[in-house]
Amino acid sequence: MSLPTDGPDAEADWEITPEGLYIATRHFLLQRGYCCANRCRNCPYINWCDNPAWQHAPATAIQHARVSPKALVGAREQLARHEHEVAEADRSEQTEHQELIEHYRLLLEHWR
């Protein structure tokens, strides 16, 4: 399956949170065609919000996906921002920045 990289469908693939995180839309997840077990907020396959015991899947369970160039640029920018800010943050904020650094590194590793 080929995902759009330009045009109106590309805009439908991602929503951006106020914190700058890229969240896959239901449209993207349905086009992808499978559940990645990463508890996506908009997962059309399983309602992860109802399972408080849920744990992240291991990195080996994450599948590669094609995403728009715009999403790649945004993920790289967010990674760089969090890498810069982690050094200047207090201890409580460092943990959050480190988690987001891992998040964006994992996305970039598996996105094409």
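Me: Where does R32 sit?
Reply: R32 is in helix α2. Helices here are DSSP runs of H or I with at least four residues, strands are runs of E with at least two, and both are numbered from the N terminus.

Me: What kind of model is this?
Reply: This is a predicted model, where local features need pLDDT of at least 70, side-chain atom pairs count only at pLDDT 80 or more, and totals for chains, interfaces and linings use all residues. Residues are numbered from 1 along each chain as its sequence is written, and side-chain values use heavy atoms, with hydrogens and water left out.

Me: Back to R32. Buried or exposed?
Reply: R32 counts as buried, because its relative accessibility is 15%. Buried means under 20% relative accessible area, exposed means over 50%, and partly exposed is in between (1.4 Å probe, protein chains only).

Me: How far is R32 from R66?
Reply: Their C-alpha atoms are separated by 9.1 Å. Along the chain, R32 and R66 are 34 residues apart.

Me: What about L29?
Reply: L29 also lies in α2. L29 counts as buried, at 1% relative accessibility. Its C-alpha atom is 9.9 Å from that of W14, 15 residues apart along the chain.

Me: And where is N42?
Reply: N42 lies in the loop between α2 (26-32) and α3.

Me: What is N42 in contact with?
Reply: Leaving aside neighbours within four places in sequence, N42 is in contact with E15, I23, A24, T25, R26 and L29. Contact means heavy atoms within 4.5 Å.

Me: New topic. How many helices and strands are there?
Reply: The protein chain has 4 helices and 2 strands. Along the sequence the pattern is α-β-β-α-α-α.

Me: How much of the chain is buried?
Reply: Buried residues are 38% of the 112 residues.

Me: Now α3 and α4. How do their axes cross?
Reply: The axes of α3 (residues 69-88) and α4 (residues 91-110) come within 9 Å and cross at roughly 150 degrees. Axes are lines fitted to C-alpha atoms, for helices over the stretch in contact, and angles run from 0 to 180 degrees between N-to-C directions.

Me: Parallel or antiparallel?
Reply: The two helices are therefore roughly antiparallel to each other. Angles over 145 degrees count as roughly antiparallel, under 35 as roughly parallel, 65 to 115 as roughly perpendicular, and the rest as oblique.

Me: Which residues of α3 and α4 meet?
Reply: On the α3 side they include L72, L79 and V86, and on the α4 side L100, I101 and L108. The residues of this contact divide into 8 nonpolar, 5 polar and 4 charged. Ala, Val, Leu, Ile, Met, Phe, Trp, Tyr, Cys and Pro count as nonpolar, Asp, Glu, Lys and Arg as charged, and the others, Gly among them, as polar.

Me: Q78 is in α3. What does Q78 touch?
Reply: Not counting residues up to four places away in sequence, Q78 touches E19, G20 and Y104. Q78 is buried, with a relative accessible area of 14%.
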